[in-house]
Amino acid sequence: MKKISILFFILFFNICSTSENGVISISENTTTTQIINEEDYPLVLAKCLNEEKGYQIITPFDLEDLKTTINQLRQSKEDELELGEAIDFCIDKYNLWMDRSTLNPEELASLYDENISLARCLREKGLNVPDPTQDQPKIDLSNLVQSKDEIIALLDECELDEKTNKK
């Protein structure tokens, strides 16, 4: 019991003492924009749902923990719709997961399929590129050692190959 109390104290202390990074623009109307690290998105979402939408969600350890908690709150279709609206509100308000290019499932599926083909083509041309996932349908080119020009040339070749195959 003492270990659990210490664990909660440490977790609470870390959450309360988290420093917030900001970008300040110098102009006549000075504003501060808060930058939120992606690993903090579940904490921000849970805090928004609690403080601004009246939910009582325990502080999640990570995104999977938050998903599990949210799934437990969905007891009826009405609850699910209300919770979905609250989640969308918080995501939009704090610009969480804004790298989502679309929310349309058909467009996401199409993007995923295209990027699977592109990743395969890039691997055939010598780039060590992992397949995208359905959660992250974009191809991750950040860990490549090749120059930007080499990567762009290979992307153009793959695009040309794709157009040729469709004809």
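This is a predicted model: local features need pLDDT of at least 70, side-chain atom pairs count only at pLDDT 80 or more; totals for chains, interfaces and linings use all residues.
Student: What span should helix 4 have?

Tutor: Helix 4 covers residues 77-93, and its 17 residues should span 24 Å at 1.5 Å a residue. The expected span is 1.5 Å times one less than the number of residues. The end C-alpha atoms are 24 Å apart, which agrees. Helices here are DSSP runs (H or I, at least four residues), numbered from the N terminus.

Student: Which residues of helix 4 are buried?

Tutor: Leu83, Ala86, Ile87, Cys90 and Ile91 are buried. They cover an arc of only 135° around the axis, which puts them on the same side of helix 4; the arc is that of the directions from the helix axis to the C-beta atoms. Buried means under 20% relative accessible area, exposed over 50%, and partly exposed in between (1.4 Å probe, protein chains only).

Student: And which are exposed on the other side?

Tutor: Lys77, Glu78, Leu81 and Glu85 are exposed there.

Student: What do the buried residues of helix 4 pack against?

Tutor: They pack against helix 2 (41-53) and helix 3, where contact means heavy atoms within 4.5 Å.

Student: Changing topic, how many salt bridges does the structure hold?

Tutor: There are four, a salt bridge being a side-chain nitrogen of Lys or Arg within 4 Å of a carboxyl oxygen of Asp or Glu. One of them joins glutamate 64 and lysine 67 at 3.5 Å, N to O. Both residues lie in helix 3 (residues 63-73), three residues apart, about one turn of the helix.

Student: Which salt bridge involves lysine 125?

Tutor: Lysine 125 meets glutamate 157 at 3.5 Å, N to O. Glutamate 157 lies in helix 6 (residues 148-166) and lysine 125 in the loop between helix 5 (105-124) and helix 6, so the pair ties together parts that are 32 residues apart in sequence.

Student: What lies over the face of phenylalanine 89?

Tutor: Lysine 53 does, at 4.2 Å from the ring centre. A charge sits over a ring if NZ of Lys or CZ of Arg is within 6 Å of the ring centre and within 35 degrees of the ring normal.

Note on methods
Residues are numbered from 1 along each chain as its sequence is written. Side-chain values use heavy atoms; hydrogens and water are left out. Helices (H or I, at least four residues) and strands (E, at least two) are DSSP runs, numbered from the N terminus.
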